[in-house]
Amino acid sequence: MTWAEIKRAVEQAGIQDDDQISAIECEILEGDKTFQKIHVGNFVKLSENIAESVIRAERTSSI
């Protein structure tokens, strides 16, 4: 993800200016450029969601 994509995804995840972020995890070539927000105590961890096309491809290749 580019910095612009990260900023956009953080805003879409509903992160506020005073939220404490402990980690941002991005998928390499497999992400959908959106973040799942996970609360870890008083901190927030952001994890990029895997793209639906990658999930579908993995399902069909494992059959």
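Q: Starting with V40: what is its relative accessible area, and what class does that put it in?
A: The classes are buried (under 20% relative accessible area), exposed (over 50%) and partly exposed in between, with a 1.4 Å probe and protein chains only. V40 comes out at 43%, so it is partly exposed. This is a predicted model, where local features need pLDDT of at least 70, side-chain atom pairs count only at pLDDT 80 or more, and totals for chains, interfaces and linings use all residues. Residues are numbered from 1 along each chain as its sequence is written, and side-chain values use heavy atoms, leaving out hydrogens and water.

Q: Where does V40 sit?
A: Strands (E, at least two residues) and helices (H or I, at least four) are DSSP runs numbered from the N terminus. V40 belongs to strand β2, residues 31–40.

Q: Which residues make up the largest nonpolar core?
A: In soluble globular proteins, nonpolar side chains tend to be buried together. A core is a set of buried Ala, Val, Leu, Ile, Met, Phe, Trp, Tyr and Cys residues joined through side-chain atoms within 4.5 Å. In this model the largest one has eight members: I6, A9, V10, A13, I15, F35, V44 and L46.

Q: What does L46 touch, leaving aside neighbours within four places in sequence?
A: Contact means heavy atoms within 4.5 Å. L46 has contacts that include V10, A13, I15 and F35.

Q: And S47, buried or exposed?
A: S47 is buried, because its relative accessibility is 16%. This serine lies in β3, residues 43–50, and touches E25, T34, F35, Q36 and I38, not counting residues up to four places away.

Q: What is the overall layout along the sequence?
A: The pattern is α-β-β-β-α. The radius of gyration is 13 Å, well over the 11 Å the globule rule gives for 63 residues, so the protein is more spread out than a compact globule. That radius is over C-alpha atoms, and the rule is 2.2 Å times the number of residues to the power 0.38. Along the principal axes, the C-alpha atoms fill a box of roughly 45 × 25 × 15 Å, and 22% of the 63 residues count as buried.
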